[in-house]
Amino acid sequence: MSLKQQVDPEKLPRHIAIIMDGNGRWAKKKGKLRIFGHENGVKAVREATEASAELGINYVTLYAFSSENWRRPKREVDTLIDLLIKTVHSELKTLMDNSIRLNTIGDTRQLGEKCYNALNLAKDETKENKRMVLTLALNYSGRWDIEQAMRNVAYDAREGSLDPETIDQDVIKQYLTTAEMPDPELLIRTSGEHRLSNYLLWQLAYSELYFCPTFWPDFRKEHLYQALINYQSRERRFGQISEQIKK
Ligand code: IPE
Ligand code: IPE
Ligand code: MG
């Protein structure tokens with residue numbers, strides 16, 4: 001039985017979040033510049049996206065550029081943004097062919113006008129696509145998300161459209177950049193690092209975490225199937241005990 005056939009279609013997560021990590025080390029291992037790793041990461045993005053759409057996953061959210069990644073050498077940051085613009089253009093047809101809607105979370109304005117416009121154009125073109133939502137987290141961090149949510153909660157409370165008495169977790173969710181999506185049931189991080197690096201902090205509260213040693217440019221559909229098979233073997237208890245779940 002192939003790996004794909006081992007994935008139970010009845011027990012799929014609705015939302016998969018991925019920390020695409022290891023591009024630089026992948027390139028270094030080959031004696032190349034870091035950007036070579038980023039360029040080769042594009043194929044992995046295509047594989048993960050396609051495999052998810054084919055299986056019927058509704059949301060995939062990829063960590064592509066964190067708020068902290070500005071701290072990298074300017075040359076790497078600039079080339080990463082250029083690569084993003086190029087990729088958004090080149091992948092638009094694939095998004096349309098597969099009926100995938102492009103979405104972003106994070107402060108994309110700061111990525112520069114050219115990038116901001118390219119992203120908005122692709123988001124607009126794909127806005128009627130219904131099969132899956134592909135979200136790129138760009139200039140994003142989990143604490144930034146909570147910070148902007150709190151600011152807007154405060155504005156609305158001051159203006160009178162939000163009664164502080166009514167603020168609960170559902171209300172807070174509506175102010176996060178992921179308001180329209182369910183929380184990810186599964187988080188995958190490649191490259192063998194075991195940390196969240198300030199990704200979806202609120203949203204990952206009860207996600208299953210899956211770490212794989214593969215560097216991102218080597219990530220293929222089979223790696224996603226493997227992650228899903230592992231996810232499906234776990235018992236999600238949400239504070240209850242095993243006997244309650246099995247009832
Ligand atoms: C992930 O790979 C891509 C981005 C963060 C943009 P890295 O660039 O972090 O690669 P490593 O972790 O240094 O190998
Ligand atoms: C996290 O990876 C951010 C992205 C994948 C975009 P990093 O490689 O930047 O994370 P740290 O710095 O090792 O924690
Ligand atoms: Mg890294």
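## Polar contacts and the site of ligand 1

A polar contact is a pair of N or O atoms within 3.5 Å. In this predicted model, a polar side-chain atom of Asp21 is placed 2.8 Å from an oxygen atom of ligand 1. The side chain of Arg34 likewise has an N or O atom 2.8 Å from an oxygen atom of ligand 1. For the side chain of Arg72, the separation between an N or O atom and an oxygen atom of ligand 1 is 2.7 Å. Considered alone, ligand 1 exposes 370 Å², of which the protein buries 87%.

The residues surrounding ligand 1 are Met20, Asp21, Gly22, Asn23, Gly24, Arg25, Arg34, His38, Ala64, Asn69, Arg72 and Leu80. By class, three residues of this shell are nonpolar, five are polar and four are charged. At least two residues of the shell come from each of α2 (23–29) and α3 (34–55). Helix α2 gives the most, with three residues. Ligand 1 sits in the largest pocket.

## The site of ligand 2

The space taken by ligand 2 is the largest pocket. Around ligand 2 are Ile19, Met20, Asp21, Tyr63, Ala64, Phe65, Ser66, Asn69, Arg72, Arg189, Arg195 and Ser197. Strand β2 (residues 59–66) provides the largest share of this shell, namely four residues. The shell around ligand 2 comprises five nonpolar, three polar and four charged residues.

Which side chains place a polar atom by an oxygen atom of ligand 2? One is Asn69, with a polar side-chain atom 2.9 Å from an oxygen atom of ligand 2. Arg72 has a polar side-chain atom at 3.2 Å from an oxygen atom of this ligand, and an N or O atom in the side chain of Arg189 is 3.4 Å from an oxygen atom of ligand 2. On its own, ligand 2 has 390 Å² of accessible area, and the protein covers 77% of it.

## Residues listed for both ligands

Several residues are found around ligand 1 and also around ligand 2, among them Met20, Asp21, Ala64, Asn69 and Arg72. The side chain of Arg72 has an N or O atom 2.7 Å from an oxygen atom of ligand 1 and a polar atom 3.2 Å from an oxygen atom of ligand 2.

Most residues other than glycine have a negative phi. Ser99, although not a glycine, has a positive phi of about 55 degrees. Ser99 belongs to the loop between α4 (74–97) and β3 (100–105).

Asn139 is placed in strand β4 (residues 132–140). Is Asn139 buried or exposed? Asn139 is buried, because its relative accessible area is 6% and buried means under 20%.

## The loop at Gly239

Gly239 lies in the loop between α8 (221–232) and α9 (242–246). With a relative accessibility of 68%, Gly239 counts as exposed, a term that requires over 50%. Gly239 and Gln110 are 129 residues apart along the chain, and their C-alpha atoms are separated by 40 Å.

Terms used:
Residues numbered from 1 in each chain as written. Chains lettered and ligands numbered in written order. Predicted model: local features only at pLDDT ≥ 70, side-chain atom pairs only at ≥ 80, totals over all residues. Heavy atoms only, no water. Buried < 20%, exposed > 50% of the residue type's maximum accessible area, 1.4 Å probe, protein only. Near = heavy atom within 4 Å. Polar contact = N/O pair within 3.5 Å; in protein donor to acceptor, adjacent residues only side chain to side chain. Areas by Shrake-Rupley, 256 points an atom, 1.4 Å probe, with all protein chains shown as cover. 1 Å grid on protein atoms, 1.4 Å probe; cavity = no way out; pocket = protein on both sides within 12 Å on 5 of 7 lines; lining within 4 Å. Sits in = over half its atoms within 2 Å of the grid points. Nonpolar A, V, L, I, M, F, W, Y, C, P; charged D, E, K, R; others polar.
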